[in-house]
Amino acid sequence: MSRAGRSRLAHLALGLTLGLAACDLGIPTSAAGSVDTPFGDVEAEVLALDGEALGPVMTELLLRFRSYVALRDVISFSDLDDQEACLTELSGTVDDFRFVVDLGCRFGGATAASGQMEVRQRQIDQDPERVFRVDAAYRSAHVGDIEVDGTEQIVESESEDGASVRTLALTQNGFEFDYAFRLGQLDPETPVFDYAFDIAGGGIAVRLTNPATVGAFASVIVTGIDGRLVCEIRDAAWEPGDAARGTCDNGASFGL
């Protein structure tokens with residue numbers, strides 16, 4: 001397979017540039033919808049939620065988001081296939097190709113690295129726009145401070161308003177992740193990350209985006225059957241497992 005054939009992977013991985021954090025991004029539009037369509041089942045009321053109910057959601061949200069950013073910062077899809085000597089099992093065509101990358105070979109010159117990643121990308125639809133799917137398997141992958149084992153699926157449309165969903169089933173630095181999230185942009189300056197959570201009473205939709213107030217790390221919009229609750233997560237020192245801290249516009253506070 002030619003280098004030109006594999007270059008599509010880097011284009012896909014860099015399709016969205018987010019202002020909130022430096023992060024590589026990626027179910028067809030028909031499955032994920034646009035960022036204006038619901039994500040997950042909305043069943044519970046949210047406007048009267050207190051800190052006791054909101055705290056676990058915000059803490060898990062922060063863990064998911066920041067862990068994923070850390071993963072992509074260290075193992076960037078756009079960097080995987082740029083050294084031919086580190087690739088094996090190359091096969092396929094521009095529309096369907098796969099390879100295995102030796103992470104020790106690819107990243108070991110600058111940091112501690114070991115393990116492998118198997119990556120397959122294929123075009124799965126063309127009309128009304130092209131849709132690509134990437135399946136990545138992390139095999140005892142270790143690069144720098146990141147240790148990860150499991151799978152990740154990306155399906156992405158080329159449409160301008162198409163959303164992007166990543167589905168994770170992996171263990172990263174001792175934390176188990178088994179969830180999907182959607183991402184996209186409302187405009188060039190406003191990235192959004194959509195998650196689905198279950199609380200007492202049913203499902204809620206949770207959107208993380210740029211902070212709206214000074215001193216916040218991110219704004220979070222929690223949607224239920226009774227409306228939307230807006231919260232701010234504070235920009236504070238954080239380590240994986242730490243509780244999120246912040247306040248919401250109904251007066252609730254969490255982690256404080």
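The charged end of arginine 64 sits over the ring of tyrosine 179, 4.3 Å from the ring centre. This contact comes from a predicted model. Twelve salt bridges are present in the structure. The structure also has eight aromatic pairs.

- Arginine 64 is buried, because its relative accessible area is 12%, and buried means under 20%.
- Glutamate 60 is partly exposed, with a relative accessible area of 26%.

**Aromatic rings**

- The eight aromatic pairs of the structure include tyrosine 68 with phenylalanine 181. Their ring centres are 5.1 Å apart, and their planes stand at 70°, so this pair is edge-to-face.
- Tyrosine 68 lies in helix α3 and phenylalanine 181 in strand β7. The pair links distant parts of the chain, 113 residues apart.
- Tyrosine 68 and phenylalanine 181 are both buried.
- A cluster of ring pairs takes in Phe65, Tyr68, Phe177, Tyr179, Phe181, Phe193, Tyr195 and Phe217. One of its members, tyrosine 179, is the ring under the charged end of arginine 64.
- Another charge sits over a ring at arginine 106. Its charged end is 4.8 Å from the ring centre of phenylalanine 107.

- Aspartate 194 and arginine 182 meet through their side chains in a salt bridge of 2.9 Å, N to O.
- Aspartate 194 is in strand β8 (residues 190-199), and arginine 182 is in strand β7 (residues 175-187). The two residues are twelve residues apart, and the pair links distant parts of the chain.
- Glutamate 118 forms a salt bridge with arginine 98. The closest N and O atoms of this pair are 2.7 Å apart.
- Glutamate 118 is in strand β3 (residues 113-125) and arginine 98 in strand β2 (residues 96-102), so their bridge ties together parts that are 20 residues apart in sequence.
- Arginine 98 counts as partly exposed, at 21% relative accessibility.
- Glutamate 118 and arginine 98 belong to a network of salt bridges that also links Glu89 and Arg139.

**Strand pairing**

- Strands β2 and β3 pair in the antiparallel sense, over seven bridges. Phenylalanine 97 has glutamine 121 in β3 as its bridge partner.
- Strand β3 is also joined to strand β4 (residues 131-143). These two strands run antiparallel, with eleven bridges between them.
- Alanine 113 has valine 143 in β4 as its bridge partner.
- In a regular strand, side chains alternate between the two faces of the sheet.

**Leucine 90 in strand β1**

- Leucine 90 has its place in strand β1 (residues 87-93).
- Leucine 90 counts as partly exposed, at 31% relative accessibility.
- Valine 101 is eleven residues from leucine 90 along the chain. The C-alpha atoms of the two residues are separated by 9.5 Å.

Note on methods. Residues numbered from 1 in each chain as written. Predicted model: local features only at pLDDT ≥ 70, side-chain atom pairs only at ≥ 80, totals over all residues. Heavy atoms only, no water. Salt bridge = Lys/Arg side-chain N within 4 Å of Asp/Glu carboxyl O. Buried < 20%, exposed > 50% of the residue type's maximum accessible area, 1.4 Å probe, protein only. Helix = DSSP H or I, 4+ residues; strand = E, 2+ residues; numbered from the N terminus. Pairing = 2+ DSSP bridges. Phe/Tyr/Trp six-rings, centres within 6.5 Å; stacked < 30°, edge-to-face > 60°. Lys NZ or Arg CZ within 6 Å of the ring centre and 35° of its normal.
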